[in-house]
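After that, turn to one helix.

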Amino acid sequence: MRIVVCCTGMKAAPWVAGLEAALPGAVVEEWQAGAPPADHAVVWAPPQQLFDEQPRLKGIFNMGAGVDALLQLRLPPEAALVRLDDAGMSVQMAEFVCHALIRHFRELDGYEQDAAQGRWSFRRPRSRAEFPVGVMGLGVLGQRVAQAVAAFEFPVRGWSRTARAIEGVQCFAGPAQFDAFLAGTRVLVNLLPLTPETENIMNRATLGRLLPGGYVINVARGAHLVDEDLLALVDGGHLAGAALDVFRTEPLPPAHPFWRHPKITVTPHTSARTLRDESIAQIARKVRAFDRGEPVAGVVDLSRGY
Ligand SMILES: NC(=O)c1ccc[n+]([C@@H]2O[C@H](COP(=O)([O-])OP(=O)(O)OC[C@H]3O[C@@H](n4cnc5c(N)ncnc54)[C@H](OP(=O)(O)O)[C@@H]3O)[C@@H](O)[C@H]2O)c1
């Protein structure tokens, strides 16, 4: 079996060595133009040229959960596209979202500012019943996040494409229930995949339906959010602010108003990082299952786009 590794922006050597160790007998090499035909590709942000030169690939294993960028390329029609499922990402996402939520709910930014001025002051405790959290996307990451938030006794609601039942989470599904989901949400967490249906889904109309004083936590993709609509709703007072980890252009350009907005927190797409060892172990398990003709979790449905 021959595997090519191509990961733009990351060092390929540790992935090559890890996959070689996990798949004895396989030839694993960093992809270069003109490489001999491979059975599988393990990729992050690869160039179109890789797929043009490797039309006989059977499996394309993405080093992340989101496949929106790969679906912009022309992939070999026979190849299965396989995403990472969790591989250590869901616990990171849960801690990141809970941190952003609790920082906002407990007004920790305000306490930090007070402390910087040597001021010992209290704020009136807020009621968590008044802070229902709505999670858009109840997949691998969204479910874990919804359950982690529920453990802190916030009311939790979730929205997905098809109906889901998750203990402790009030579930809504499909376009018909979207408005009802938004209307009862104060803190909106986005964990949708980026598809034609979900692009720009957080806009003036939808964010305007959140409970007054709403707060947005975007940890999925920048193109889900219409930046200027968020800014208008924050500046107009309908939204209290936002914690943003993902952006339309990354790195976020230095002149972008998000950087300096006092009610918006920016992090550099770091909420759930690909963990190399966990990911290599998962990809190796999937490659073996795939080659034995067994079912593999995380095969992307190209017609749905996730
Ligand atoms: N910031 C970061 O560091 C980071 C890291 C990893 C991933 N991500 C992002 O997080 C996203 C989610 O990851 P995941 O592993 O949880 O994905 P997933 O398992 O594929 O789950 C996607 C969820 O979104 C729902 N959904 C899809 N299209 C919808 C639509 N049109 N309307 C309503 N619901 C819809 C799905 O509904 P069904 O349940 O009905 O299928 C499912 O519940 C990724 O696609 C990626 O963009 C970000």
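Predicted model: local features only at pLDDT ≥ 70, side-chain atom pairs only at ≥ 80, totals over all residues.

**The ligand and its shell**

The shell counts 30 residues. R83, L138, T162, R164 and Y306 are the closest. By type, 15 residues of the shell are nonpolar, 9 are polar and 6 are charged.

Which elements supply at least two residues of the shell each? They include α3 (89-105), α5 (140-151) and β7 (156-160). The largest share comes from α5, with 3 residues.

The side chain of T162 places an N or O atom 2.5 Å from an oxygen atom of the ligand. For the side chain of R83, an N or O atom is 2.7 Å from a ligand oxygen atom. V140 uses its backbone instead: an N or O atom there lies 3.0 Å from an oxygen atom of the ligand. On its own, the ligand has 940 Å² of accessible area, and the protein covers 94% of that.

**Helix α1**

Move on to α1, which spans residues 13-22. Three of its residues, W15, V16 and L19, are buried. Why do they sit on the same side of α1? They lie on the same side because they cover an arc of only 100° around the axis. What does the face turned away from the buried side carry? That face of α1 carries A13 and A21, which are exposed.

Note on methods. Residues numbered from 1 in each chain as written. Heavy atoms only, no water. Near = heavy atom within 4 Å. Polar contact = N/O pair within 3.5 Å; in protein donor to acceptor, adjacent residues only side chain to side chain. Areas by Shrake-Rupley, 256 points an atom, 1.4 Å probe, with all protein chains shown as cover. Helix = DSSP H or I, 4+ residues; strand = E, 2+ residues; numbered from the N terminus. Nonpolar A, V, L, I, M, F, W, Y, C, P; charged D, E, K, R; others polar. Buried < 20%, exposed > 50% of the residue type's maximum accessible area, 1.4 Å probe, protein only. Arc of directions from axis to C-beta.
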